[in-house]
Amino acid sequence: MAGFRSPSSGLRALRPEAFGADPSGERMARIRRSPHFADGVFQNPGGPARTRPSGSTAQFARNYLDRAARTLRAPAGSIPVHPTTVADLARPPATGLRLTWAGHSSVLAEIDGHRVLFDPVWGERCSPFPFAGPKRLHPVPLPLAALGPVDVVVISHDHYDHLDLPTVKALAGTDTLFAVPLGVGAHLERWGVPADRMRELDWHEETEVGGLTLTATPARHFCGRALRNTQHTLWASWVVAGPDHRVYHSGDTGYFSGFQEIGAAHGPFDATMIQVGAYSEFWPDIHMTPEEGVRAHLDLQGGRPGGVLLPIHWGTFNLAPHAWAEPGEWMKDAAEEAGQAVAFPRPGQPFEPAGEVPAEPWWRAVSGPLGHPWRRPGIAESMAGTSKGELDLAGER
């Protein structure tokens, strides 16, 4: 009947743009053919992962809403942001590899003459709505346009703090390519990215961009943007290999044995970008603690220290019950104990892993005291009988 619209088409028209689009047609057929898709959803390596807070809901609410803990989840002052300039990024890296952490999981990797932008989030909130949801704790270090030309944008999964509508729409007007996990292309197409500028990969698939090889590798996480999570878009970590350098971006993931397999197949790496924030005992399967992040890096390097670890997914948004500075402080301890080089750039501060690596614990100047220190193996025994106040001081060293 001319002019008839089904109820479902009307609901689609009311769907907020930020929700993106569900895969359909040939894209959905390809998803169903994936060896990692079963029982109507993508499956995690190592079996099912808990994607919602486990344990007592009441205990989770008490932890999250506690006034003292809530105060610690934000910095006590202005986060020091490096005033990145066009000149900073116009000079080619002397060693052939330079990383610029823009905050959270957003990293510009300049590698062997090419520029790769991971999980760019330049929006003010990681939310479908401009008036609600987690808000940035620091400004972006520089305007998106000031980054200059980007060869490829790499997306790890479709959560709001990794796939940002205003950022994608701004980049859709450039010539950059997008490399995304299987199914995520449906969101990009709705937001104006042409199909011929997308490379949509399943785990273990690769694509060539200039002289780089990009490989989607497994991660232990989940997906979803709308109210109904269909689990029809994949999540991934990424390997980017050039003629002379190789890097790894973890996206969001829990710790799992697959890091060893990724390292054996693609490592060792000159640098890894490892998620170490927004962890909690309430969702241990899908995010890593700093100690687990160090362990993941060592697995990727064949079981021994090597390369440089750049902690990501912390400092920019308040997404978990832990103290704001805890991921940085605990990562510093865990990496030092393992003998692993770790970079602590201020947001926007470029550095070359083969050059001078920023190591100053800059967060201490704007952090409240941590609730408790990171427990090095054996520290509990060596501090038996020590008061809580003394332990807190130990954690602030």
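1. E17 and K169 form a salt bridge, with the closest N and O atoms 2.9 Å apart. A salt bridge here is a side-chain nitrogen of Lys or Arg within 4 Å of a carboxyl oxygen of Asp or Glu. The pair links distant parts of the chain, 152 residues apart. E17 sits in the loop between α1 (7–14) and α2 (25–33), and K169 in helix α6 (residues 165–172). E17 counts as partly exposed at 33% relative accessibility, and K169 counts as partly exposed at 39%. Buried means under 20% relative accessible area, exposed over 50%, and partly exposed in between (1.4 Å probe, protein chains only). Helices (H or I, at least four residues) and strands (E, at least two) are DSSP runs, numbered from the N terminus.

2. On the basis of the model: it is predicted, local features need pLDDT of at least 70, side-chain atom pairs count only at pLDDT 80 or more, and totals for chains, interfaces and linings use all residues. Residues are numbered from 1 along each chain as its sequence is written, and side-chain values use heavy atoms, with hydrogens and water left out.

3. The structure holds 12 salt bridges. One of them joins R98 to E110, the closest N and O atoms being 2.7 Å apart. R98 lies in strand β3 and E110 in strand β4 (residues 106–111), so the pair ties together parts that are 12 residues apart in sequence. R98 is buried at 6% relative accessibility. E110 is buried too, with a relative accessible area of 5%.

4. E360 forms a salt bridge with R346, with 3.2 Å between the closest N and O atoms. E360 is in the loop between β15 and α11 (379–382), R346 in the loop between α10 (326–338) and β15, 14 residues apart. E360 counts as partly exposed at 47% relative accessibility, and R346 is partly exposed with a relative accessible area of 24%. Elsewhere, R27, E189 and E200 are linked in a network of salt bridges.

5. Overall content: the protein has 12 helices and 15 strands. Buried residues make up 56% of its 397 residues. Of contacts between residues at least 6 apart in sequence, 69% join residues at least 24 apart. Contact means heavy atoms within 4.5 Å.

6. Seven strands form an open sheet of mixed pairing, in the order β8-β7-β6-β5-β4-β3-β15. Its edge strands are β8 (198–201) and β15 (350–351), each pairing on one side only. Two strands pair if DSSP finds at least two bridges between them. Strand β3 (residues 97–103) and β15 run antiparallel and are joined by two bridges. The bridge partner of L99 in β15 is F351.

7. Strand β11 (237–241) deserves a look. Five of its five residues are buried, so β11 is largely enclosed by the rest of the structure. S237, V239 and A241 cover one side, W238 and V240 the other. β11 pairs with β10 in the antiparallel sense over five bridges, and T213 has A241 as its bridge partner. β11 also pairs with β12 in the antiparallel sense, over four bridges. V240 has V247 as its bridge partner in β12. A hairpin of four residues joins β11 to β12.

8. Helix α8 (residues 258–266) has G258, F259, I262, G263 and H266 as its buried residues. Seen down the axis of α8, they fall within an arc of 140°, so they line one face of the helix. The arc is that of the directions from the helix axis to the C-beta atoms. The face turned away carries the exposed residues E261, A264 and A265. The buried residues of α8 pack against β10 (212–217), β11, β12 (246–249) and α9 (290–300).

9. The largest nonpolar core has 68 residues. Such a core is a set of buried Ala, Val, Leu, Ile, Met, Phe, Trp, Tyr and Cys residues joined through side-chain atoms within 4.5 Å. V116, F118, L214, W238 and L310 have the most contacts inside it. Not counting residues up to four places away in sequence, L310 touches residues including L99, W101, V107 and F351. A second, separate core of 31 residues includes V121, I155, V168 and V180.

10. D285 is in the loop between β13 (271–275) and α9. At 14% relative accessibility, D285 counts as buried. Leaving aside neighbours within four places in sequence, D285 is in contact with A49, R50, R220 and G254. D285 and R220 are 65 residues apart in sequence and 7.2 Å apart in space, C-alpha to C-alpha.
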